[in-house]
Amino acid sequence: MLGKLTLSAIPYDVPILVGTFIGVAVIGIAVLAAVTYFKKWGYLWREWLTTVDHKKLAIMYVILGLVMLVRGFADALMMRTQLALAYAGNPGYLPPHHYDQVFSAHGTIMIFFMAMVMMQALFNFVVPLQIGARDVAFPLINSISFYMTLVSAILINISLFIGEFSNVGWLGYPPISELQFNPGVGVDYYIWSVQISGIGTLLTGMNFLTTIIKLRAPGMKWMHIPVFTWTAFFACIMILTTFPVLTVSMALLALDRYVGMHFFTNDGGGSVMLYLNLIWSWGHPEVYILILPAFGVFSEIAATFSGKPLFGYATMVIATGIITFLGSLVWVHHFFTMGSGADVNTFFGIMTMFIAVPTGVKIFNWLFTMYKGRIRFEGPMHWIVGFMITFSIGGMTGVMMAMPAADWVVHNSLFLVAHFHNVIIGGVFFGYVAGLSYWFPKAFGFKMRDVWGKWAFRFWFVGFYLSFIPLYAVGLEGMTRRMNHYDNPNWHPWLLVACVGVFVLAAGVACQLIQFVLAAFDAVNKKPDALDLTGDNWGSGRTLEWSIPSPVPHYNFARLPVVRGLDTFHIEKELGRPAPVADLEPIHMPKYSAVGPVLGACGLLIGFALVWHIWWAVIVGLVVAFFTVVHRSANLDVDFYVTVEEIRADEEAFARRLAAAKAAE
Amino acid sequence: MSGNHTTSHEGENHGSYVSYIVGFVLAVVLTVASFAAVLSKAFSFWQTIAVLGVLAAVQMVVHLVFFLHMGVKSDSQRQNLAAFLVTALMVLIVIAGYLFVLWDAQANMMPG
């Protein structure tokens, strides 16, 4: 009846997990009780859970991303403290089998459920507003994307308390991820949560590519598209070209484990090397999928806070395109040691080094954007300066490892771990956090307290160097990654410093959470100077999203903007906005739908049942999902019109706020 | 580019029940034919590979025409062409790349 699931799958004998479970349960019950007490279930369901509004989905993505950031960060804390303790005979507090799950969960969560989630949040919030669209091309599919991401994140967290998680690292390399060496459910949890979230990401990529191609405001030519949207465009292309490869490699691994096939086994004609090629020809473009939108965020911020147009817009777009192309030609640099000859390794090494060229172009473009600008060092600007320093260092160690001969020395060592944290924290994470604080007032209509954001940056910046520069050192001294305990006295001081660093990072995370809590506090108390009356919170916004009220009305644009060039809103500020020629018209919008949550529930049921071999539940989930889709396809009542009265009332309220803001000056 | 956001896409082929059913039947027939080609052992090894390749290519066309509505009436020929070129390039990179890498590894690591 319940497949492989028995009571013994629940790890009630592991104190860390029991404690975590009690903590999660208490918080969960408190949240549910609060929603019930304030009678908010109806509101939550009607306004949020069934929404197809890209702005609300973006906010839900951010919340999911922050929760998973805390989860993944807890794993990081555990690893660093374990390595500070587990020296010279001391086994530390994490036994190897548990430690293996911790680092696997850390990598999987931070990439798939923190970074990808934050990226989709930014796509959702920013892209339609920047191109002057009223929603994405397929709003319902957008909601389904979110639910696929959400339920796979839930699935990965269920693995904490029921069964176990994968213990083979974030990419599940065979043969150790094969059934022969890993008969437990850990790898299955990994496969299905990655697989389900991959569906969500693929749909997002398709959706936003279509949106950018088809739904741009009248007059917005290709070279009028804001840079963030350009980077989203190229990231979507990479999603569409490479995520199917991930889907296929996970599917083949699942076939090996579930029906005894031999794609990646040692025997039966399988090839482990094929898996390496498959997974990295997704995995390398994946890191560019993550970093390109961060580059886009930095481009927007650099221009806004320097009071100048972005230096070298066209080269920025071209460089992004070149990175997209080169990014799919470098996957072998992740396994130079696999056994290919010098010609293969040389080709991929040189291709890897080439990528430093367009990336360098971008760094200089941001520097020249700031050069002789009226720079204001507000919160978002801190992150970009920290990014340029940190990311350049990370890029240089990357070029070092692009040399196959050098890579043979540091392959699989903590040097590598330090390198990719250097570019992912210093690039991706800094970029997304900068984006969050940059667009927060647009999303909510009030500001966050900048001082907490600055402190968060300081802790993250210092904490990053304290945590990861020691890892470069021990990596060069030969410490391999994923090690549970060690005896080498040379490594110990470095790992103590890294442990201090991770607590500094924890202070940074705390500052960010405090910043959100205080922002909510200010909003509830309607603190006057926290309100964003004009919609152009930073005063120097250049792109369309700053031309509309904050928070943005659900239909985004009362009149579709007419785009006259790059940085339309800036042009309008300089030359004045043309008087609207046409009267307001009713706006055609999609209705909210319960299809997303229902399909999400089916996805969760199917994923969980597949992990535990509960076949009847898989069939139930598939049948319900099928009929939900059929029902939706036959449903013609999916849209409505926003009345002119509502739009006019919003517009007049916005005009009053603008007048009040002008009077206050 | 179309600035209006509506759910009615005039001028684009959205298919009918008949076209969906025709597409579905064709897809099923082609799938069954692929399995039959392998299971019946009617062909030699390389012939089977060739037959599967042809059936897969036809299957792709069926999906594109009947499910993705890529008809001749579509007014976005340039976008279709660009999408196909990018897809073809990526497939070429991946397949040629894998052959290059794995062939080389085979030559280096499997003496004899």
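A residue is taken as exposed when its relative accessible area is over 50% and as buried when that area is under 20%. In this predicted model, B:Lys41 therefore counts as exposed, since its relative accessibility is 70%. B:Lys41 lies in the loop of chain B that runs between α1 (17-39) and α2 (45-67), and its phi is near 55°, a positive value in a residue other than glycine. Most residues other than glycine have a negative phi, and most peptide bonds are trans.

Two cis peptide bonds were found in chain A, as follows. The bond from A:Pro174 to A:Pro175 is cis, with omega near 5°, and A:Pro175 is found in the loop between α5 (139-161) and α6. The side chain of A:Lys55 is joined to that of A:Asn556 by a polar contact of 2.5 Å. When residues up to four places away in sequence are left aside, A:Lys55 touches A:Phe125, A:Val552, A:Pro553, A:His554 and A:Asn556.

Between the two chains, 35 residues of chain A are in contact with 23 residues of chain B. The area buried between them is about 2500 Å², of which carbon and sulfur atoms give 69%. Of the area that chain A buries against chain B, 19% is supplied by A:Lys214, A:Trp331 and A:His588, more than by any other three residues. The count of salt bridges between chain A and chain B is zero, whereas four residue pairs are in polar contact, with both residues at pLDDT 80 or more. On the side of chain A that touches chain B, at least two residues each come from α6 (186-214), α7 (227-259), α8 (272-306) and α10 (342-370), and the largest share, five residues, comes from α8(A). By class, this side of chain A has 21 nonpolar, eight polar and six charged residues.

Definitions and conventions. Residues are numbered from 1 along each chain as its sequence is written. Chains are lettered from A and ligands numbered from 1 in the order in which they are written. Side-chain values use heavy atoms; hydrogens and water are left out. Contact means heavy atoms within 4.5 Å. Buried area is the accessible area (1.4 Å probe) that two parts lose on being put together, summed over both. A salt bridge is a side-chain nitrogen of Lys or Arg within 4 Å of a carboxyl oxygen of Asp or Glu. A polar contact is a pair of N or O atoms within 3.5 Å; within protein, one must be able to donate a hydrogen and the other to accept it, and residues adjacent in sequence count only if both atoms are side-chain atoms. Helices (H or I, at least four residues) and strands (E, at least two) are DSSP runs, numbered from the N terminus. Ala, Val, Leu, Ile, Met, Phe, Trp, Tyr, Cys and Pro count as nonpolar, Asp, Glu, Lys and Arg as charged, and the others, Gly among them, as polar. Buried means under 20% relative accessible area, exposed over 50%, partly exposed in between (1.4 Å probe, protein chains only).
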